[in-house]
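Hi,

Here is the model I said I'd pass on. Have a look first, and my notes follow below.

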Amino acid sequence: MMNPLWIGLWAWIFCRPLSEPGQVFGWLKNWLYVKVMVKSRMKQELSEAVMKVLIDCPKCHAGQIALWWQVVAYFRIGYFSVPFILSSIFVAIVFTDLAELIDKWKNA
């Protein structure tokens, strides 16, 4: 049951601290923004949804990773767990909210 914790933690770390300008994946966020939001022929709503899933929203990213993890598990062992997906999303939300609270506390 540790996997949802790791997925949620990864999603928050990847989408927030590591994707900020000057960080390890900052270039990737900028590149994806140009490719998906600026140069893409997709509608604005779809472009925003794709960005959220890929790098802009920890809970969306965690949900996608957990969903595909379960799809693979279903084909390998015949088991699909919705609680696994929900737990991963919840963990990403908790880390996001906790980081916001810490930032508010630091800047108070």
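Predicted model: local features only at pLDDT ≥ 70, side-chain atom pairs only at ≥ 80, totals over all residues.

The expected span here is 1.5 Å times one less than the number of residues. Helices are DSSP runs of H or I with at least four residues, strands are runs of E with at least two, and both are numbered from the N terminus.

Residues are numbered from 1 along each chain as its sequence is written, and side-chain values use heavy atoms, with hydrogens and water left out.

Back to H5: Phe-84, Ile-85, Ser-88, Val-91, Ala-92, Thr-96 and Ala-99 are its buried residues. Buried means under 20% relative accessible area, exposed over 50%, and partly exposed in between, with a 1.4 Å probe and protein chains only. Those buried residues of H5 pack against H1 and H4, with contact meaning heavy atoms within 4.5 Å.

The overall picture: the chain has 5 helices and 0 strands, running α-α-α-α-α from the N terminus. Its C-alpha trace spans about 40 × 40 × 25 Å along the principal axes. Of the 108 residues, 30% are buried. Among contacts between residues at least 6 apart in sequence, 54% join residues at least 24 apart.

Now H1. It has 13 residues and reaches 18 Å from first C-alpha to last, close to the 18 Å expected at 1.5 Å a residue. Pro-4, Ile-7, Gly-8, Ala-11, Trp-12, Phe-14 and Cys-15 are buried in H1, and the buried residues of H1 pack against H2, H3, H4 and H5.

How do the helices pair up? Two packed helices are described by the angle between their axes and the distance between the axes. The axes are lines fitted to C-alpha atoms, for helices over the stretch in contact, and angles run from 0 to 180 degrees between N-to-C directions. Under 35 degrees counts as roughly parallel, over 145 as roughly antiparallel, 65 to 115 as roughly perpendicular, and the rest as oblique.

- H1 (residues 3–15) and H5 (residues 82–106) pack at about 45°, axes 7 Å apart, so H1 is oblique to H5. The contact residues include Leu-9 and Trp-12 of H1, and Phe-95 and Ala-99 of H5. They divide into 11 nonpolar, 5 polar and no charged.
- H1 and H4 (residues 58–77) have axes that come within 8 Å and cross at roughly 140°, so this pair is oblique too. Among the contact residues are Trp-10 and Phe-14 of H1, and His-61 and Trp-69 of H4. By class there are 11 nonpolar, 3 polar and no charged residues.
- H2 and H3 have axes that come within 10 Å and cross at roughly 160°, so H2 is roughly antiparallel to H3. Lys-29 of H2 and Glu-48 and Asp-56 of H3 are among the contact residues, which divide into 9 nonpolar, 2 polar and 3 charged.

For those classes, Ala, Val, Leu, Ile, Met, Phe, Trp, Tyr, Cys and Pro count as nonpolar, Asp, Glu, Lys and Arg as charged, and the others, Gly among them, as polar.

Cheers
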